[in-house]
Amino acid sequence: MSELKKGVKKVVLAYSGGLDTSAIVPWLKDNYDCEVIAFVADVGQGAEDLEGVEQKAINSGASSCYVVDLKEQFVKEVIYPTLKAGAVYEGQYLLGTSMARPIIARAQVELALKLGADALCHGCTGKGNDQVRFEGAFAALAPQLKVIAPWREWEFNSRQSLLNYLAEKKVPTTATATKIYSRDANLFHISHEGGELENPWNEPSEQVWMWTNSPEQAPDKAEYIQLSFVKGELSAIDGKAVSGVEAIEQLNKAGSIHGVGRIDIVENRLVGMKSRGCYETPGGTIIVAALRALESLVYDRTSLKYREEVGLEVAQLVYDGRWFTPLKDALFAASNSLAEQLTGDIVVKLYKGQVTVAKRRSPNSLYSEAFATFDGDEVYNQKDAAGFIRLYSLASRIRALHSVKE
């Protein structure tokens, strides 16, 4: 037994019930001669994905399986703070997969420490971002635990080889050799990779999308929804108080009907390669549009600029898996401080794949009709603008005068 495998007696595996993690359970027992405990994070991926998962894990050889409900934590501790920060990766991606990883990794570590495990295991491939996100969290939270990443160790290199291994081990599976797409779903979004998407010249077919109608199939009648925020967090929809989970589920449904929240991007992975993915984030897209509208009322020019800078930093940090760092705490302290003023109501219009802001109001609004009107007013003397412009352009004026002298 190698030095790496010595001392590994009990492993907590991040388990999904899919082909990879079903094969990992017997592989760990074969190669590490250890007890395997399956950990399943419920982050809102849906009842269908979780149905029978405990028995499936036991059938694969796990000694036990723990399903942990993380949905409320996911919204309160990750989704809302990230949305308040205005984090959007490379201008489009709302970070649905990235945001779920820290909450899952933390719960996995907590279970491992509670059960006295000496190792953690994940099924991330060696090409993706998730291996960094999980292992970065493990390092920050429990550096004493060993980390096992089978995709960097085992000899399997295809779905068929994994299926053959499960057949050899007499582990039941519903997986087949054909898997068109790689998908990841949670309360906030669903992602799609693989299949025809591997060629960026291919337009995504309708079989790619699972949650949202196409804009062409969306209703011909627009829908208006009022979103009420308190300090940057959604508190009510159409005047009815909602929890974080309820809010996202309700907006996901409405957005999906109207074809809202589809994106198709080629992104830069942390590990250096580019990848093409399609994402559906209907509820999140609606919330982001409403928050930007509320910011336009409440934030002054320099505050908005700073929030935008913070948003870029947070997006990179979340994407790169640096959640459990002092930098994250500092950035979120800044965005949460600014969001103290983000209270108000926004009415959005959903129509044919678009979210349009129709109405906005806030008790903290800096917008003043008395100042902004084109009609006569008594609060703004337009002659004052001349002095302001002269001082604002002073450097340019001096530079031009030097040029004349030369």
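Colleague: What makes Asp42, Gly44, Gly46, Ala47, Lys71, Asn186, Leu187, Trp211, Glu249, Asn252, Lys253 and Ser256 the lining of the second largest pocket?

Modeller: Each has an atom within 4 Å of a pocket point. A pocket is an open set of points on a 1 Å grid over the protein atoms alone, where a 1.4 Å probe fits, with protein on both sides within 12 Å along at least five of seven lines. This is a predicted model, where local features need pLDDT of at least 70, side-chain atom pairs need 80 or more, and linings use all residues. Numbering starts from 1 along each chain, and side-chain values use heavy atoms, without hydrogens or water.

Colleague: Which helix gives the most to that lining?

Modeller: H8 (residues 244–257), with 4 residues. Helices are DSSP runs of H or I, at least four residues, numbered from the N terminus.

Colleague: Why is H9 called mostly covered?

Modeller: Of its 17 residues, 14 are buried, meaning under 20% relative accessible area (1.4 Å probe, protein chains only).

Colleague: What makes a set of residues a nonpolar core?

Modeller: Its members are buried Ala, Val, Leu, Ile, Met, Phe, Trp, Tyr and Cys, joined through side-chain atoms within 4.5 Å. The largest holds 80 residues; Phe74 and Leu227 touch the most other members. H9 (residues 282–298) gives the most to this core, 10 residues. A second, separate core has 30 residues, including Tyr32 and Phe156.

Terms used: Buried < 20%, exposed > 50% of the residue type's maximum accessible area, 1.4 Å probe, protein only. Helix = DSSP H or I, 4+ residues; strand = E, 2+ residues; numbered from the N terminus.
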